[in-house]
Amino acid sequence: MSLTMKKPVNATIKVSVFCVLCALPASAQIPNHRLFYQQDSRAPLTKLEIVFLGAGSIRDETSRTGLALTVARLMDVYFRKLGYTARLETLGTDLDFNTYYEYQIISIETLSTNLTASLRIVSDFLRRMAVTDPALEEAKRKLQRSYERTADAGNRGLLRNYALSRTAGVERWFSQEALKQITLEEVRQNCARFLNAEVVFFKAITDLDSTEVEAMLRPITNDRQKGGFVWSSATREKDRLPGHTAFVFEHYSHLKNVDCHWLIPIGSVGEDNFVPNMVSWTLGRGTGRGLLYGYFRQELGLVYGNTCSFRREDDVRLLDIYADPRLENSEKLISKTYEFIAGLADNPEFWAAIGELRENPDVIDAHTHGERTPQRRLNREVDQALYNFPSREDGIRSVTDAEIRSFLQEYFVKENMVMMLFGPKDHIIEILEKHWPDMTIHVQPVEKAIE
């Protein structure tokens with residue numbers, strides 16, 4: 001994975017709200033647009049994404065966390081009640097609404113021959129739509145039930161977001177208290193800001209020619225500057241270290257193992273990704289058969305799985321080290337993982353693996369930069385335009401040992417580790433208090449993530 005992610009706020013709701021883009025008035029305050037295009041002739045299909053930049057959850061005030069998601073659910077309520085979902089299904093058209101940190105995405109996947117007809121249906125819906133209190137309340141109820149089910153299931157992404165909101169300064173995905181307070185006027189204002197997003201751009205993977213796609217988009221792009229795509233994400237001030245913290249989530253006492261996550265914030269989106277890519281790949285990204293697996297699984301026999309993921313939460317990048325020791329191995333695994341992380345800069349096997357990766361960069365380049373599929377190539381192009389990532393002529397071959405060592409010394413310290421642990425609560429707390437008496441421990445029910 002490159003820094004395409006997602007991630008940050010990524011709540012996908014199966015809704016037919018692609019229609020929003022068709023209702024953009026000619027006077028909308030959108031200074032520019034751009035079509036990012038990849039041709040794929042393997043099948044007569046089109047996947048088109050309309051990205052409203054600056055219209056995502058970044059606009060949600062703390063007191064109104066979840067407003068963007070509420071708007072998406074509201075549109076879903078209307079669309080289904082008025083029968084538009086069934087009409088699209090006859091065309092084999094699938095629509096999604098995705099809420100991220102910086103933007104909202106409305107996407108459509110359909111047979112290329114049905115793209116125009118699908119747009120007509122959703123455009124008709126938009127002309128008939130009116131936001132009312134009953135629909136808003138129904139949307140709230142559906143969203144509340146959805147997140148209650150997610151919390152009951154112990155969704156790790158939701159719990160990770162909660163832990164980082166308490167430590168690393170990221171924004172919450174959802175708050176049921178905030179949901180109760182969202183008003184009809186706020187929803188209408190949010191829709192208006194959505195339609196008048198600072199920048200609108202398009203991502204297309206299709207067997208159609210790019211000129212055909214551009215012609216279909218003219219009702220949206222007419223009278224708007226083409227090729228004037230400009231975006232500059234806000235630069236986060238230098239983060240303070242989140243502190244040596246652990247979140248122990250309740251209701252997992254039945255487990256015979258302890259699921260462990262070490263979350264290590266490593267700076268902001270837009271910074272150089274070459275060093276964290278190399279570190280995470282060497283530790284165990286992709287196949288998961290890296291240094292972590294070799295040491296903790298094969299040599300010590302303490303875990304079944306051991307990985308390191310390069311993630312994004314809002315505008316914060318992080319590494320997520322995962323392990324799943326059995327109960328009887330958990331204390332040894334947790335303590336030795338801390339030793340392993342702290343000693344990585346002096347680990348000769350780590351530097352040997354870095355050297356091998358530097359000499360054979362094709363595997364990481366193909367995986368992280370997505371040279372293998374049209375979707376990954378497209379995502380890479382968009383990310384580069386959005387965040388203007390630093391580039392290196394020789395790629396990871398140009399990354400020096402000194403750069404990697406500096407990275408480890410800055411971020412791979414206990415003051416920069418946020419743990420999430422799932423398992424018997426008393427057992428976990430005993431381990432933490434024994435080995436790290438200065439650690440801040442939060443014992444939380446999973447419902448805390450949506451309160």
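Two strands are counted as paired if DSSP finds at least two bridges between them. Strands themselves are DSSP runs of E, at least two residues long, and helices are runs of H or I of at least four, both numbered from the N terminus.

Good morning, colleagues. The model before us is predicted: local features need pLDDT of at least 70, side-chain atom pairs count only at pLDDT 80 or more, and totals for chains, interfaces and linings use all residues. Residues are numbered from 1 along each chain as its sequence is written, and side-chain values use heavy atoms, with hydrogens and water left out.

I begin with strand β4, residues 94-99. Three residues lie between the two strands, which form a hairpin.

I turn now to the open sheet. Its six strands follow the order β10-β11-β9-β12-β8-β13, and the pairing is mixed. β10 (303-313) and β13 (440-444) stand at the edges with a single partner strand each, so one side of each has no neighbour in the sheet.

How many bridges join β8 to β13? There are five, and β8, residues 245-249, runs parallel to β13. T245, for its part, has T440 in β13 as its bridge partner.
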